[in-house]
Amino acid sequence: MAGVLESVNQRTKLVGENRLELLLFRVSGRQIYGINVFKVKEVLQCPKLTVLPGSNPVVRGVAHIRSGTIPIMDMSLATGNAPLQDIQNAFVIITEYNGKTQGFLVAGVERIINMNWESIHPPPKGTGREHYLTAVTEVDKVLVEIIDVEKILAEVSPVNETIRDGIIDDGVKSRASARKVLIVDDSKIARKQVSRCLENVGVEVVALNDGRQAWEHVQAIADSGERLQDHYMMLISDIEMPEMDGYTLTTRIRSDSRMAGFYIVLHSSLSGVFNKAMVEKVGADDFIAKFDPDVLAEQVVRQVNAGSQ
């Protein structure tokens, strides 16, 4: 266990093409789950929790960690199961999503593994509409489930999706009605949030689930002889996705001369200077941290206006 705890912070700087590292953990029972190490700040034995009256039941309390106070969520409760009982012997995975820090209470932490995104697959059909998975994979012949943390956070603390007055006017909506935007995200919640935001701007939205699906889609457009930028005004892509991540999707588009000049925005709950450097390295036009409807709408409005000049 000590090796796992010491490795988390050291290995969040993973740089590779279409690769990721997963921190494996157990919520309860024998099922193994995974979370991208990029999102992990620290793993520690569960500290003393202070219960906050009136908080969401999933939030078991707050903890004072490194001069800060952060909410600690029960991963078992959050995914529709019974609450964890033996909290004293549980662990907390401290994560950063959308610029905010939170902890997830889990029964145990296993190890870190290095994988290729091609080995990460969408959840199998038939898992239902209300599951909490974005992907699955296999490690040592054992199924590993990757949890849709954005869905959990949206349920515990819903984000404000209202776009500030003044960003969109009737002229923008009129010009936007003839434009189409391609969005790619493996999280159902994220796809809905981005789609609603863009539809409020007035553009038509096509939403796909992962990078490989998006790559095959844009290839088919190019193969038909149509210029990609004549079909779509822009691409807004998540970074972490099964089959092919957003970095690799961007790199492939940039390496295809038929798609030259296509505007790409990477939109991710990953944050920090390192990620911005990677965005520049792969040739994306911009990076937006999830989920700020004002910033996202402003980006789309700029493209609408640029295309009408």
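Me: Two strands count as paired if DSSP finds at least two bridges between them. With that in hand, which residue in strand 13 does Leu 182 stand opposite?

Reply: Keep in mind that this is a predicted model. Strand 11 (residues 180-184) and strand 13 pair in parallel over 4 bridges, so they meet the cut-off of at least two. In strand 13, the residue facing Leu 182 is Leu 235.

Me: Which residues of strand 13 point the other way from Met 234 and Ile 236?

Reply: Strand 13 covers residues 234-237, and its Met 234 and Ile 236 point one way. Both of those are buried, and so are the two pointing the other way, Leu 235 and Ser 237.

Me: And what is the bridge partner of Ile 236 in strand 14?

Reply: Strands 13 and 14 (residues 264-268) run parallel, joined by 3 bridges. Together with helix 8 (residues 246-254), they make a right-handed β-α-β unit. In strand 14, Ile 236 is partnered by Val 265.

Me: Over to the open sheet of 5 strands: which strands stand at its edges?

Reply: The order is 3-6-7-5-4, with mixed pairing.

Me: What angle does helix 3 make with strand 7?

Reply: Strand 7 (residues 100-106) pairs with strand 5 (residues 68-74) in the parallel sense over 3 bridges, and Phe 104 is the bridge partner of Met 73. Helix 3 (residues 149-156) packs on this sheet, touching strands 4, 5, 6 and 7. Its direction and that of strand 7 make an angle of about 105 degrees.

Terms used: Residues are numbered from 1 along each chain as its sequence is written. This is a predicted model: local features need pLDDT of at least 70, side-chain atom pairs count only at pLDDT 80 or more; totals for chains, interfaces and linings use all residues. Side-chain values use heavy atoms; hydrogens and water are left out. Contact means heavy atoms within 4.5 Å. Axes are lines fitted to C-alpha atoms, for helices over the stretch in contact, and angles run from 0 to 180 degrees between N-to-C directions. Buried means under 20% relative accessible area, exposed over 50%, partly exposed in between (1.4 Å probe, protein chains only). A crossover is right-handed if, with the strands pointing away from the viewer, the path from the first strand over the helix to the second runs clockwise.
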